[in-house]
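Colleague: I would like to go through this model feature by feature. Please give the general idea each time, then the case at hand.

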Amino acid sequence: NVSQLLNEVKKTSAGLMVNKDVEMVVEADENLPHMMADYHRVYQVVNNLVSNAVKFTEEGTITLRALAEGSEMVLQVEDTGIGISDEDLEMIFEEFTQADTSSTRQHEGTGLGLTITRRLVQLHGGTITVESELGKGSTFTARFPLQAQVNPEMLIVVQSPNGNK
């Protein structure tokens, strides 16, 4: 239930916005089709995108949006934060890379969050993109198949102590 997932992310993210003039809004129809996917990993994707939006938005709005388009569920996190330059858009999904690499950097992080987020979306057979304008905010769009595709990379063989797989 995607609408429920977005509201849960909103609820658990409230503490991140305590000292900010930021409102979080959820735009999701209660009658959206259910998505067959790993709930915890999709939650992790949305939560990471929201955490980034909060980190880079001092005032304004963060919108969590869900809509069904054909055989896909489209999840968006849109913010009115600082935005990302065109040059930096090319690299933000790369490992250990951050848009602001200056010695006066204001925002901490390892540069792995968006890399992991992209990988989780891809493991579900989906895609993630970003649109941004410096000084005006960013919109991250993750597209998931409504019916998760079986991806061999997602399969893990577990052997129990008695030798069963």
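This is a predicted model: local features need pLDDT of at least 70, side-chain atom pairs count only at pLDDT 80 or more; totals for chains, interfaces and linings use all residues.

Colleague: What share of the residues counts as buried?

Modeller: Buried means under 20% relative accessible area, exposed over 50%, and partly exposed in between (1.4 Å probe, protein chains only). Of the 165 residues in the chain, 41% count as buried.

Colleague: Which secondary structure elements does the chain have?

Modeller: Helices (H or I, at least four residues) and strands (E, at least two) are DSSP runs, numbered from the N terminus. The chain has four helices and five strands, in the sequence pattern α-β-α-β-β-α-α-β-β.

Colleague: In what order do the strands lie in the sheet?

Modeller: Strands of a sheet pair through backbone hydrogen bonds, either parallel or antiparallel. Two strands count as paired if DSSP finds at least two bridges between them. In this model an open sheet of five strands has the order S1-S2-S3-S5-S4, with mixed pairing. Strand S1 (21–28) and strand S4 (127–133) are at the edges with a single partner strand each, so one side of each has no neighbour in the sheet. From one strand to the next the twist averages 10°.

Colleague: How many bridges join S3 to S5?

Modeller: Strand S3 (residues 72–79) and S5 run antiparallel and are joined by eight bridges. Gln-76 stands opposite Thr-141 in S5.

Colleague: Which strands do helices H1 and H2 lie across?

Modeller: Contact means heavy atoms within 4.5 Å. Axes are lines fitted to C-alpha atoms, for helices over the stretch in contact, and angles run from 0 to 180 degrees between N-to-C directions. Helix H1 (residues 2–13) lies across S1, S2 and S3, at about 170° to S1. H2 lies across S1, S2, S3, S4 and S5, at about 20° to S3.

Colleague: Where is Thr-57 found, and is Thr-57 buried or exposed?

Modeller: Thr-57 is in the loop between helix H2 (39–55) and strand S2 (59–69). With a relative accessible area of 0%, Thr-57 is buried. Its side chain reaches the backbone oxygen of Ala-53 at 2.6 Å. Not counting residues up to four places away in sequence, Thr-57 touches Lys-20, Val-22, Ile-62, Asp-79, Thr-80 and Gly-81.

Colleague: How many aromatic pairs does a search of the whole structure find?

Modeller: Rings of Phe, Tyr and Trp (its six-membered ring) pair if their centres lie within 6.5 Å; planes under 30 degrees apart count as stacked, over 60 as edge-to-face and the rest as tilted. The search finds one pair. Phe-93 and Phe-140 are edge-to-face, at 6.3 Å centre to centre with 80° between the planes. Phe-93 lies in the loop between helix H3 (86–89) and helix H4 (113–123) and Phe-140 in strand S5 (residues 137–145), so the pair ties together parts 47 residues apart in sequence. Phe-93 is buried at a relative accessible area of 10%, and Phe-140 is buried at 7%.

Key:
Residues are numbered from 1 along each chain as its sequence is written. Side-chain values use heavy atoms; hydrogens and water are left out. A polar contact is a pair of N or O atoms within 3.5 Å; within protein, one must be able to donate a hydrogen and the other to accept it, and residues adjacent in sequence count only if both atoms are side-chain atoms.
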